[in-house]
Amino acid sequence: MNELGALVHGFSVILTPMNLGLMVVGIVLGVLIGVLPGLGGANGVAILLPLTFSMSPTSAIIMLSCIYWGALFGGAITSVLFNIPGEPWSVATTFDGHPMAQKGQAGAALTTAFTSSFVGAFLAVVMITFLAPMVARFALKFGAPEFFSVYLLTFCSFVGMGKGSPFKTLLSMALGFALAAVGMDTVTGQLRLTFGQVELMRGFDFLVAVIGLFGIGEILLSMEEGLKFSGHAAKLDPRVVLQTWKQLPAYWATSLRSAAIGIWMGITPGGATPASFMSYGVAKKMSKNGQRFGTGEMEGVVAPETAAHAAGTSALLPMLALGIPGSPTAAVLLGGLLIWGLQPGPLLFVEQKDFVWGLIASMYLGNIVGLLVVLSTVPLFAAILRIPFSIIAPVIIVICAIGAYTVHNAMLDIWFMLGFGVIGYVFKKIDIPLAPMVLAIVLGDKAEDSFRQAMLSSQGDLAIMWANPLVGSITTLAFVMLFWPLLVRGIAWLKGSRKAAELPSEQPGH
Amino acid sequence: MEQNEDSSGAPPPSAARTNVVEAAVAVLTLAVGIVVMVASRRLGAGWTSDGPGSGYFPFYIGLIVAVSSTAILVQALVGKHRNTGSFVDTQQLKRVMSVLLPAVAYVLLVRFLGLYVASTIYIALFMVILGHYRWTRAIAAAVIINAVLYLMFEVWFKVPLYPGTLEPLRLLLSGR
């Protein structure tokens, strides 16, 4: 098969001592990021992005994607040992992971979490290997209207699939677009929304926004509780690991189902966090031991971890194949590609074969390395968590400031970071989701460009969005997504009026 | 887009209510939306000889901001499910401010002393004042952390950091 040949070639690209070393460094940094509150996948990668400016793109993406894998692994450590989710996607892991630790099975819980993560990621990478080239080949035929319709679909599904008020998602998204518009207009060269400030000419860099919104915002949130860690010590006995591995195959059905949920939620911009909750919920319903969930069931750790990691990994598919990231972290990686002079999108698979297949090969290898690293270094990271917050908090703020500064070597960006931090804190508290804003800042200019090109070719006629079956169906799907909550309510109402309201809280089965 | 609105003007015992903060944010973003719309109009939100003008796309973005802000405002003030729970209590607000205000001071300090010196001072002071560490330990920890950062960024990955007004000092150091 074509893909397998390319994959082997990819392995030959990345198998150098330098790259393997970067992989280990990336994983360790990633786990560290995942463990520390306030540093997460997206802003962690954003902060460390400048470190890679002097590397070759392939080495750079290997290190950054490994930081990402590490962060995905790391979130589980705090969930199990401290009942504090290090990452939003590991909240569901605390439900059964922490009770297991309380029963003295911390080692088994961690092994289960790491192994499930690995399985989820592995299945997602296999999917990417075969599906991404196909999607890219298909997308090569895309013109401006098709691309705009895909952007539309991305953002509409955020609104339709999001929990809470759709207006809040809409607001977050539109604010992101407005921020993206600040600066030089890429088409006419006019200055927009700068209000005469020379510094604003560059516009807002989304990396700075990510560091502020997620990093500083998170620190402010954690500070509210006056965070005190009190956790279980952890040691991973090789015997416990082997014993757990013997038990895990029994949950193969849960694993596969969770991976499927994760992959689906990752490709559509649902993201890892909803994927983990959904998977946990489904597993609870389907499992024989469903009632015992929440008391330290192994299966309750398998489900969310597999789904979260599968979602986190498959979020890279649309990023690679279409240039549209499926998660904030994928958006940061996409920003990295642009900085290294690579144009993400379908052409990447044609013009940058070494890079793409090197990255895909590194996903396989990175996850294996990751599993080994986390299994062997848990005590170290558990010890880091015992460092008091009064040391960790200022260090994280310093690291965020350094990250924001290094993006453009601009002092002003550190101020923007603080501003975004306050926004992130307030928005999070009033349930305005941050991910749509970040994606809009990243994609704003590109979405606008494709919209303007489409409008140019049609002389301003919006009917071009339904000009052929392909673009028409994507656009229609986008509007279905946008009005999904209304549709669901409408259907429920119709059914309800027929047979006296039977399904009060039926979730849309996406 | 600096919005340091935290509605901290609430009386000490009772904290700000969530829907009040929501409404305040919505008013702010409504203003942002209107500003964007006005500025876009001025740029040319219509159709020019070479396609949609510079302000065409941002104008509608501003419109969406304004409309969704209005909807949130209405929901926050008179909505059935408005959240009247506490946004922050005074204790929490104090804790948050105890991180935020020093952070602002820190960024000011960076402007003059550069990242390394400012970071060392900031970490040490934070540890002493909020963490109640002894001076000696705090300074030692701060210096070690900054040495690690220096090695990582400047030496290993070759990314220079903001030197502030201490730039000449660096020239002296490297000149030798």
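The centres of domain 1 and domain 2 of chain A lie 32 Å apart, taken over C-alpha atoms. The model is a predicted one. Domain 1 is built from two stretches of chain A, residues 2–141 and residues 234–387. Domain 2 covers residues 471–510.

The overall dimensions of chain A were examined next. Along the principal axes, its C-alpha atoms occupy a box of roughly 70 × 65 × 55 Å. The radius of gyration of chain A is 22 Å. A compact globule of 510 residues would have a value near 24 Å, so the two agree. Of the 510 residues in chain A, 62% are buried. Contacts were considered between residues at least 6 apart in sequence. Of these contacts in chain A, 78% join residues at least 24 apart.

The secondary structure of chain A comprises 22 helices and 2 strands. One of the helices, H6, runs through residues 106–139 of chain A. Helix H6 has 34 residues. From its first C-alpha to its last, H6 reaches 46 Å. This span is close to the 50 Å expected at 1.5 Å a residue.

Terms used:
Residues are numbered from 1 along each chain as its sequence is written. Chains are lettered from A and ligands numbered from 1 in the order in which they are written. This is a predicted model: local features need pLDDT of at least 70, side-chain atom pairs count only at pLDDT 80 or more; totals for chains, interfaces and linings use all residues. Domain bounds come from an automatic or database domain assignment. Helices (H or I, at least four residues) and strands (E, at least two) are DSSP runs, numbered from the N terminus. The radius of gyration is taken over C-alpha atoms; the globule rule is 2.2 Å times the number of residues to the power 0.38. A residue is buried if 20 or more other C-beta atoms lie within 10 Å of its own, exposed if 12 or fewer, and partly exposed in between; C-beta atoms are placed from the backbone. Two residues are in contact if their C-beta atoms, placed from the backbone, lie within 7 Å. The expected span of a helix is 1.5 Å times one less than its number of residues.
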